[in-house]
Amino acid sequence: MLVEFCKSKIAHGLVTEADLRYEGSITIDEALIKAVDILPGEKVHVLNVNNGNRFTTYVIAGKAGSGQICLNGPAARMGLVGDQVIILSYALMDPQEAKAYRLKIINLDEHNKIKK
């Protein structure tokens, strides 16, 4: 049996853009997704702290070091520039693997830079 387990978390991110006319997804600074082992194209859940919306989409890598978190397409209706979001990814693991796994978490500052 496999369990779905949270593998990555980007906390305290701020939406920098919302592009309604783009195909759906979320664009995230490549340095941020690499820091938590999220791959371009990977499914993520996005939780909007400001309005309570929670949605699923896939990741597009943005320019490394840009601090970009852009809601694209229909996701642009789920939040506004400046909203705080939490981005989560999950993996299927056997129970033993899940018990040993350590969630990769980064906390961001007001410029979407990783807090030390």
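Here is a short chat about this predicted model. Numbering starts at 1 along each chain as its sequence is written. Local features need pLDDT of at least 70 and side-chain atom pairs count only at pLDDT 80 or more, while totals for chains, interfaces and linings use all residues, and side-chain values use heavy atoms, with hydrogens and water left out.

Biologist: In what order do the elements of the protein chain run from the N terminus on?

Modeller: We go by DSSP runs numbered from the N terminus: helices are H or I with at least four residues, strands are E with at least two. That gives two helices and eight strands. Laid out from the N terminus, the order is β-β-β-α-β-β-β-β-α-β.

Biologist: And what is the radius of gyration of the protein chain?

Modeller: It's taken over C-alpha atoms, and the globule rule is 2.2 Å times the number of residues to the power 0.38. For 116 residues the rule gives 13 Å, and the chain comes close to that, so it is as compact as a globular protein of that length; its radius of gyration is 14 Å.

Biologist: What share of contacts between residues at least 6 apart in sequence joins residues at least 24 apart?

Modeller: Contact here means heavy atoms within 4.5 Å. Counting pairs at least 6 apart in the protein chain, the share joining residues at least 24 apart is 82%.

Biologist: Lysine 7 next: is it buried or exposed?

Modeller: Lysine 7 is found in strand 1, residues 3-14. Buried means under 20% relative accessible area, exposed over 50%, and partly exposed in between (1.4 Å probe, protein chains only). Lysine 7 has a relative accessible area of 11%, so it is buried.

Biologist: Which residue's side chain does lysine 7 join in a polar contact?

Modeller: A polar contact is a pair of N or O atoms within 3.5 Å; within protein, one must be able to donate a hydrogen and the other to accept it, and residues adjacent in sequence count only if both atoms are side-chain atoms. Leaving aside residues up to four places away in sequence, lysine 7 touches several others, including Asp37, Glu42 and Tyr101. The polar contact, at 3.4 Å, is with the side chain of serine 8.

Biologist: What is the relative accessible area of asparagine 112?

Modeller: Asparagine 112 lies in the segment after strand 8 (104-107). Its phi is near 60°, a positive value in a residue other than glycine. Asparagine 112 is buried, with a relative accessible area of 1%.

Biologist: Where is histidine 12 placed?

Modeller: Histidine 12 also has a positive phi, about 65°, although it is not a glycine. It is partly exposed at 34% relative accessible area. Its place is in strand 1.
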